[in-house]
Structure formats: structure tokens, C-alpha cells
Amino acid sequence: MKEILDISLENEMDLVLAHRRSMQVGEQLGLTVATRTTFATAVSEISRTAIEYTDNGRLNILISGKYPRYSLYARVVFDSDQTFRATDEGFFYAKKLLPDFSFSSSGNAYVIEMGLGLPRSLKLDETKLSALKLFFENVIPLNAYEEIKQKNFQLHRLTGEQEEEIRMRRDLDEKKSEFISVASHELKTPITVVKAYTQMLKLLKDQYTDKVAGVIDKLDVQTTKLSLLAQQLMDVSKVENGSLLYDLVDVDLNEFVNETVTMLSNVHSSNQINISLGTPCRIMADPLRLEQVLTNLLGNAVKYSARNAAIDIETVLSETGDSVIIKVTDCGIGMSSAGIAKIFDKFYRMDDVTTSHPGLGMGLYISSKIISEHGGKIWVESTLNQGSTFFFTIPVQTV
Ligand code: ADP
């Protein structure tokens, strides 16, 4: 069946449309005036009943069959609490006009189909029928009412397509999250075992040659990186399903920053890391999660700067005194303003770093979630080729 027209039957204006469009289909097919009038009258009879008792009817005009025998059909469907019979007046007349008539109902849903065989003399084929369909797809509205109706329909279709697109994206995102969750858990176990064995080997360092000890050290560094990546993957999936939990305790901010940065300075020993601490304050925070944020920001500052470049860490109370601002400044590669808008998105990486610097674009996403869960904000100011300053705030405890 090829659908040529689809008209909703809601009010009297639609009855006019149903009639005129049915006539027009007949005209386009090349039917005689008498035949198209018969067809359009039968369609109008049924459409009138649908419109009289409901506002949910639909009229479809279809071509069935295959080359060289085709039939022209009209199908009217509607729902109604009212009981109808094939012998009711409107149906009765329509049936008289078009003997190829069927009436069926299921519960309060009614389907009426009526049609006529199309003479071979019309010389129809699939190409002509496709052209007919196209004609009605692009047909000029008969009046202002139909124009509004067409626009409404297009809007409806667009909304439907957009909803479908959103649903598909959500499904895909859920599948991706599920995969990340399973993959990170599966990775974590063997990595933990390898890490434990590497630590054991490190303890027995004296028993190996310097070369073997060197290999073990490299193994240890790489396993730590791998373990960090698996941990980040796990955190991403925890953020997604809301299971990233926080153990909040009272923290002396300056003391915490000082200790964390001193510990990180040992990891990044080739960089000069300067700390400038402002007015002391206390915050409620999960120290492990906050350490994760500082590790990420400092790690990035090192990664995206020249070797041995200086990094500045600063703490300062906000002007209003209700939060503390922590700044991490580097004079590295910086970022374009287009990229800045996206760097806190999941898996986002700037184009210019994808091949030059290792990473998966998870650190800032996780950090931004951790900071917002602490009631703070995170942002960046950056100039391409000059450097970046990452800022984050945490509310301070008032005594
Ligand atoms: P990763 O570093 O693993 O790619 P992040 O989420 O930590 O993931 O960072 C996201 C992106 O933000 C990076 O890929 C990089 O393009 C950019 N970026 C982050 N920190 C800096 C920085 N200090 N300097 C320049 N670009 C940065």
C-alpha cells in the first residue's frame, strides 16, 4: 500500500479538505469526473460521521495492489464510545457508492475502508504512483486552515524526530556508562594484583642487578598510571550513576594544600612548584576527593607546560569571605576560548593535545563534579601559548 494522503479529521474544515483532496487524487489519477465525485462523496460521508462524533479521526488515501492492477482506497479510523454499525446511515450510503467497502471495530476503535479498482487504461505504474505521492507531499495548501495544519504537522513530526533522537542518545549513553562501569571493575582487579607483585619485587631490589631493578621501577610507574586510569574510569561511572560518595570532615585548608602540594612536588620533582597561602580558614570536605582535584590540576599544569616550568598554587579568601579560592597557574600551552567552554565535559580533549599528550579527558570532568558536590565552583582563565589558571572555590566554615 502506498499512502498518498493523511488528513486528521477534527472539525468541519477537515470535511472540506477530505472532500477536495479526494477529488484531487481522482483528478491526478485521471479518473472520470463521475468516478472521482463518487469516491469523494463516499469519503465525505464517512469523514462526516467521524467528525460529528469524535475529534480523533484520521483519513488516509492509499493505492494498493501492484503493476498493472491497482486500487484506490480510503481508510478512516477513529475512536468513539458511541456504538456504530455498518448499517448506520452514513456508512450505508458510502457502501452503496463504493461496493468495495469494509467496516470493522475493536472495542471503541473503528476502521472503515472503501475503494475502487483503477482501470488499466489509466496506465499506472510505480513511477507514476511515486510522482503522485510526491505531488501531494509538496501540494500547495488549499486554504489558510490547511496551511496552519501542515505547519503544525511538520512541527509535530520534527518534535517526534527530536524526541526519538534524544531517546536514542540516552540509550547509547546508558550503554556507554554501563560498559565503562563493567570495564573499569574488570580492569581494577588484575591491575591491583600486578601492582602488589611489583611492590613485592621492589622490596627485593637488593637481589637484582641494577638493570633489572630499573625495569621494576619502570613497571611500577606504568602500573601506577594504569591504576589511576582505571580509578578515573570507575569514578566517571560513579558520577554517572550518582554513587560517588563523600566523607566530609573538618579540614584546615592551608594545611591541607601545603601537605598535598608537598607530596605532589616529590612526584613532579623537575618542576618548581611555588605555594602562596592566604588567610587560614576551615572547610568541610572529603580530603581524598579534594586531593584528587589538586592532583589533577597540578598534573595537568605539569603535563601541558614545558619541562621544568614553574607552577604556582595560591589560596585566597573570596572578597565576601564566605569561600576560599584555590588557584593553580601554569605558563604552558594554554587554550583557545572555543575549547575552554568544553573542557569540563566528559572525555573532552582539545584537538591540539590528542596526539601530543597522553590522557582520556576524564580528570576535569570528575574534578568539576567533586567541586560542585562540595558546594563550590570551578573555572579556568587561559591564553593560547601563554598559560592557564584553574580556579576552584569551596565554602568556608563560619564559626
Ligand atoms: P586529560 O588531561 O586526560 O586529557 P582532563 O579532563 O584533565 O583530561 O583535561 C581535559 C582537557 O583540557 C585536556 O585534554 C587539555 O586539552 C585541556 N587542559 C587541561 N588542563 C590544561 C592546562 N593546564 N593547560 C592546557 N590545556 C589543559
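Asp 220 sits in helix H6, residues 210–240. Its relative accessible area is 10%, so Asp 220 is buried. The cut-offs are under 20% relative accessible area for buried, over 50% for exposed, and partly exposed in between, with a 1.4 Å probe and protein chains only. Helices (H or I, at least four residues) and strands (E, at least two) are DSSP runs, numbered from the N terminus.

A word on the source. This is a predicted model, in which local features need pLDDT of at least 70 and side-chain atom pairs count only at pLDDT 80 or more, while totals for chains, interfaces and linings use all residues. Residues are numbered from 1 along each chain as its sequence is written, and side-chain values use heavy atoms, with hydrogens and water left out.

Ser 8 lies in strand E1, residues 2–9. Ser 8 counts as buried because its relative accessibility is 10%. Its side chain makes a polar contact of 2.7 Å with the side chain of Glu 10.

Next is helix H1, residues 12–29. At its start, a side-chain oxygen of Asn 11 comes to within 2.9 Å of the backbone nitrogen of Met 13. H1 has 18 residues and reaches 26 Å from its first C-alpha to its last, close to the 26 Å expected at 1.5 Å a residue. The expected span of a helix is 1.5 Å times one less than its number of residues. The buried residues of H1 include Leu 15, Ala 18, Ser 22 and Val 25. An α-helix has 3.6 residues a turn, so residues three or four places apart point the same way. Just after H1, Gly 30 has a positive phi of about 95°.

Among the buried residues of H2 are Arg 36, Phe 39, Val 43, Glu 45 and Ile 46.

Some backbone angles next. Most residues other than glycine have a negative phi, and most peptide bonds are trans. The peptide bond from Tyr 67 to Pro 68 is cis, with omega near 5°. Pro 68 is in the loop between strand E2 (57–66) and strand E3 (69–79). Lys 123, not a glycine, has a positive phi of about 55°. Lys 123 belongs to the loop between strand E5 (109–118) and helix H4 (126–137), and is exposed, with a relative accessible area of 61%.

Asn 385 also has a positive phi, near 65°. Asn 385 is in the turn of a hairpin formed by E11 and E12, with 3 residues between the strands. At 65% relative accessibility, Asn 385 counts as exposed. E11 (residues 378–383) and E12 (residues 387–395) run antiparallel and are joined by 6 bridges; two strands pair if DSSP finds at least two bridges between them. Trp 379 stands opposite Phe 391 in E12. Which residues of E11 are on its covered face? They are Ile 378, Val 380 and Ser 382, while Trp 379, Glu 381 and Thr 383 make up the uncovered face.

Last, the ligand. It is surrounded by 21 residues, the closest being Asn 300, Tyr 304, Arg 349, Met 350 and Leu 364. A residue is near a molecule if one of its heavy atoms lies within 4 Å of it. A ligand oxygen is 3.3 Å from a side-chain N or O atom of Asn 296. For Tyr 304, a side-chain N or O atom is 2.7 Å from an oxygen atom of the ligand. With Leu 364, a backbone N or O atom lies 2.8 Å from a ligand oxygen. Taken alone the ligand exposes 530 Å², and the protein buries 98% of that; areas come from the Shrake-Rupley method with a 1.4 Å probe, and for residues only the protein chains shown count as cover. Helix H8 (287–303), helix H10 (363–373) and E12 each give two or more residues to the shell. H8 gives the most, with 3 residues.

Terms used: Polar contact = N/O pair within 3.5 Å; in protein donor to acceptor, adjacent residues only side chain to side chain.
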